[in-house]
Amino acid sequence: MVKLQINGKTVEAREGEMLLAVMQRMGIEVPTQCHHEAIEPTGNCRLCMVEITKKNWDGWKKCVTSCLYPVEEGLIVETHNDKLFEIRKTILDLQLARSPHSDYVAKMASEYGLEKSSYPVEPQGDDCIMCYACTRICDVLGKSAIAPTMRGHEKIVAGPFGEAPPDCIGCLSCAFICPTDHIKWNDKGNTRTIWDKKFKLIKCKKCGKKTITREFADYLIEKRELPSEYFDTCDICKRQETADTMGALVVKAREATI
Amino acid sequence: MKIDSIAKLDKWRKEIQTKQKAIKTKILICLGPGCLAGGSDKILKEFQTILKKKKIKDVLVESVKKTGCHGFCARGPMVIIEPLGIFYSKVKKVHVKDIIEKTLQKGEIIEKLLYKDPDTDKIYKEWRKIPFYARQQKIALRNVGQIDPDEITDYIVNGGYSALAKILKGMKPDEVIDQVSKSGLRGRGGAGFSTGRKWVTCAKAEENPHYVLCNGDEGDPGAFMDRCIMEGDPHTVLEGMIICAYAVGSQEGYIYVREEYPLAVVNLQKAIDDARKFGLLGDNILGTDLCFDLKISKGGGAFVCGESSALMRSVAGEIGEPRAKYVRSVLKGLHDKPTVLNNVETFANIPVIIEKGADWFAAIGTKKSTGTKAFSLAGKIKNTGLIEVPMGIKLKEIIYDIGGGINDNRKFKAVQTGGPSGGCLPADKLDLEVDFDTLADNGSMMGSGGMVVMDDRTCMVDVSRYFLNFLVEESCGKCVPCREGLFQLHKLNEKICEGKGTEDELKLMENLSKTIISGSLCGLGQSGPNPFLSTIMYFRDEYEAHVKKQECPGGVCKKLITYKINDDCNGCMACLSVCAASAITGKKKEQHTIDEVKCDRCGACYAVCNINAIDII
């Protein structure tokens, strides 16, 4: 365990724990966009920045992203001050110009008193805030079908060569994790479309309900070593089946005792 | 032939010496990037063809040597005849026959090919005496321009690999590190971190393996020092890296070179192959326990990959994006293992430090910045080229004594040091001593050593716009302050160039710069606003002229200037014939006029008029 000071309070934390986790445990709120418990931190949005120093640093302070900074013995952390407020406000101000149609950005920015951007707004700007949550969750799932491509202001998340990603299995994790709902998808009839790629949905053998994509099912069967017919029925029908089997067993057992 | 002992290396060196003694006269032909563009490869071929047919005393076909950059790019292509040091500049293929028949056969000097100082009209026969060379001191560049980079024998005969032999003969790894620390050598890539301290931390790191990386991803516009070392003396980089590997206990290394440097890649690969062939790389180097091998890792030319963490990710085959380094890369670098990453020039200094000792090196330069530094002089300066000078030399000495002053003897306005992330220093800073700390204290930085000189016809607002544009294009786009912040900063800067900026926007730019500096993830963003901040610090009046009066004092920003022909015009028609927009009209020997509407302000007429009959208003 290490001892450190956050906003004047002394706290204990596990070695290797990140500052943000400790702060959240203490109930300290800092804005975050790219942070998500399911994935590795990356420090893209810079909103969770805090100012740190140590007693022997002779008053020298530096700004670090708390999501990535591991706790250290004797660290003195400040989570809210004028400088940090200015950094967070400017970041959101810049995002307002880049993603003028995003409710998510607008809501966060309004908390900093920003109704409209101080910078020239890009009317064509999309809602992607480059938090990499989608690409990171795809990496965690072991597919890495999409990745950040291009550079700088032109950067986008896309499949290889800007085409439909061949490795995508249509699991929708990216769409669900996206904080701004930028990643669009739809299910029409037996077809799911995401990243310009079309997938066939599995139809439950019993009730006919559409479940997941064939590619996703095959991937799970392989990864988790499930029986190959596992996804032929939907969850509800599977539960029904289990109940039926269990019921039959109970009846049989009762008959045997009588 | 494997050189499997130090004794064998010494013996080999003596053998080469005897062999090379037979070649009394040497004709060195610079094949550096500048001279090559001027056709020096054709000059080399011409020499070889003629000498094959002709028999001249003391001159053989082997006398003709191709070398790396000799430095004086402004006077290229150049041919140097040693041992007399005769310096022929601006040589063309047609001159080769003359040089052979007159100079080599009869010992006559061809005066028209010699260097003539444009200010004093003094003619110099020997290159060492030319002011451009006389003020320099070469350590990292000691062999560049003197030896054939393809021949390992050339390197060895000039004392190559003797520093390696010295440490293997009787220095412990910590003694090597001790020498490097004592020498005070600081990283030549820009940040100026102590090389010794870096090595010590890596050597002490418990995790294994340790890696040695060389950063050859020089990407600053106008910088070509590392390129010239890699092209002109690749073995010195290798030797520096092998010594480092011995000191920090590494067996594997990489040289990261951008693919835009094809000759550097070829020459380094040849050097690696040769070193491996002779047992200077690989297992049991020189018959000792030292095992070290290295590979070239080619980069795609992204500026951000010069940043350490992005470089390491790129070497590992991942996307070249930086990551936050709260654990230093010397402890968790390539593949999360302890890694020493040094710049090409830093490694090139190592063999000399080992050979001549730390005290010798520390005596050169200033107390806190020891040794020498290579710079590439570019921009509006007479003597463009590659130089190496002791630290602590004044900016003035570099620009006027070595650089020969400003083109057309115009007025000096600013010098940009440290590449796009560096800063522009004005005329009253010319007395500054060039070292890591002085430059940083004055709002610029040493950087890797690019030096771009600007004259009074430069607009500093436009300079800021240019470099911000470069950084916007090179930002990796991972973090918000750099991706969106630099983009907006550039946009606002562009508005000022068009005369549409406001005073409020200037204030906004200054505030935005603060967030970009403290909020960005890596060095690119953290130093990104420097072009703007250093120009507004020293040239605020120019910004104000753009914003308040819609005027461009430098006469550069197209939207704010008009060209007008004055009464001095003699109707020579020169401007009329170069005008691509057909905006100039007038008869021969009569004053011309420019149609303001048609004129696209390219400045071609202004450049071509040699009687100053065109004004920029």
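In the predicted model, chain A contains seven helices and eleven strands. The C-alpha atoms of this chain occupy a box of roughly 80 × 55 × 30 Å along the principal axes.

Chain A is divided into two parts, with domain 1 spanning residues 2-80 and domain 2 spanning residues 133-239. A distance of 34 Å separates the C-alpha centres of domain 1 and domain 2 of chain A. Seven residues of domain 1 and six residues of domain 2 of chain A take part in the contact between them. On the domain 1 side of chain A, the residues touching domain 2 comprise three nonpolar, three polar and one charged.

In chain B, the packing of two helices was examined. The axes of helix 18 (residues 460-474) and helix 19 (residues 480-497) of chain B approach within 9 Å and cross at roughly 150 degrees. Because angles over 145 degrees count as roughly antiparallel, helix 18 of chain B is assigned a roughly antiparallel arrangement to helix 19 of chain B. The crossing of helix 18 of chain B past helix 19 of chain B is left-handed.

Helix 18 of chain B contributes V461(B), D462(B), S464(B), R465(B), L468(B), N469(B), L471(B) and V472(B) to this contact. These residues meet L486(B), F487(B), L489(B), H490(B), N493(B), E494(B), I496(B) and C497(B) of helix 19 of chain B. By class, the residues of the contact between helix 18 and helix 19 of chain B comprise nine nonpolar, four polar and three charged.

Key
Residues are numbered from 1 along each chain as its sequence is written. Chains are lettered from A and ligands numbered from 1 in the order in which they are written. This is a predicted model: local features need pLDDT of at least 70, side-chain atom pairs count only at pLDDT 80 or more; totals for chains, interfaces and linings use all residues. Domain bounds come from an automatic or database domain assignment. Two residues are in contact if their C-beta atoms, placed from the backbone, lie within 7 Å. Ala, Val, Leu, Ile, Met, Phe, Trp, Tyr, Cys and Pro count as nonpolar, Asp, Glu, Lys and Arg as charged, and the others, Gly among them, as polar. Axes are lines fitted to C-alpha atoms, for helices over the stretch in contact, and angles run from 0 to 180 degrees between N-to-C directions. Helices (H or I, at least four residues) and strands (E, at least two) are DSSP runs, numbered from the N terminus. Angles under 35 degrees count as roughly parallel, over 145 as roughly antiparallel, 65 to 115 as roughly perpendicular and the rest as oblique. A crossing is left-handed if the near helix is turned anticlockwise from the far one by less than a right angle, and right-handed if clockwise.
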